Amino acid sequence: GDAMAGKFFSTNSVTLTTGQTVPLTTSRVCGCNMKLDSNSIEFLSPGTYLVNVSITAAQTGTTAMGARLMIDSPTGVMPSEGAVVTSSDATAGNVRSLSITDTIRVCKSCFCGTPKLYVMATGNMTVSNIIVTVAKVS
């Protein structure tokens with residue numbers, strides 16, 4: 001079958017607070033199953049998708065920095081279960097790598113509206129790089 005994968009990324013430095021969306025500015029997609037829509041990845045067909053997130057960031061306050069995968073679907077916004085990463089450093093400004101791997105199942109019933117995936121900051125941080133790779137595995 002056709003390769004169905006996408007790479008979504010940004011190398012623009014941005015300072016975020018808890019609850020803000022990590023920006024995605026560029027995409028490279030093979031196939032017709034997903035696309036970049038503002039700062040989210042829009043799924044265009046049902047199936048199972050393997051998602052890998054890699055973030056380079058520095059904590060900007062005393063609270064742990066982190067990220068969580070979120071799904072915006074016709075039934076509302078919800079976190080992707082277990083897809084969260086945190087890193088706490090006694091000294092703000094130290095650069096750390098944050099990684100998330102998750103499997104997202106997009107059901108046919110979701111297609112009364114298009115589900116979207118995005119990365120939300122769970123702490124105050126300056127993100128210098130984010131790469132999200134998505135592959136349709138079934």
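What share of the contacts in the chain with a separation of 6 or more comes from residues 24 or more positions apart? The figure is 73%. Keep in mind that this is a predicted model.

## Overall build

There isn't a helix to be found here: the chain has zero helices and 11 strands. Walk along the sequence and you get β-β-β-β-β-β-β-β-β-β-β. The radius of gyration is 15 Å, close to the 14 Å that the globule rule gives for 138 residues, so the chain is as compact as a globular protein of that length.

About 6800 Å² of the chain is accessible surface, and carbon and sulfur atoms account for 50% of that. On the inside, 39% of the 138 residues are buried.

In soluble globular proteins, nonpolar side chains tend to be buried together. In this chain, the largest nonpolar core holds 30 residues, and the members that touch the most others are Val53, Ile55, Val119, Val132 and Val134. At least two core residues come from each of strands S5 (40–43), S6 (47–59), S7 (65–73), S8 (76–87), S9 (95–106), S10 (116–121) and S11 (125–136).

Leaving aside residues up to four places away in sequence, Val132 touches Gly6, Lys7 and Phe8, then Leu24 and Ile41, then Val51, Asn52 and Val53, and finally Val119. Two of those partners, Val53 and Val119, are also on the list of core members with the most contacts to other members.

Cys32 sits in the loop that links strand S3 (26–30) to strand S4 (34–37). Buried or exposed, at 65% relative accessibility? Cys32 counts as exposed, because its 65% is over the 50% cut-off. Gly6 is 26 residues away from Cys32 in sequence, with 9.7 Å between their C-alpha atoms.

Gly123 is a loop residue too, placed between S10 and S11. Its relative accessibility is 0%, so Gly123 counts as buried. What does Gly123 touch, not counting residues up to four places away in sequence? The partners are Leu16, Thr17 and Thr18, along with Ala64, Met65 and Gly66. Between Gly123 and Ser87 there are 9.3 Å, C-alpha to C-alpha, for two residues 36 apart in sequence.

Conventions:
Residues numbered from 1 in each chain as written. Predicted model: local features only at pLDDT ≥ 70, side-chain atom pairs only at ≥ 80, totals over all residues. Heavy atoms only, no water. Helix = DSSP H or I, 4+ residues; strand = E, 2+ residues; numbered from the N terminus. Rg over C-alpha atoms; globule rule 2.2 N^0.38 Å. Buried < 20%, exposed > 50% of the residue type's maximum accessible area, 1.4 Å probe, protein only. Contact = heavy atoms within 4.5 Å. Areas by Shrake-Rupley, 256 points an atom, 1.4 Å probe, with all protein chains shown as cover. Core = buried A, V, L, I, M, F, W, Y, C linked by side-chain atoms within 4.5 Å.
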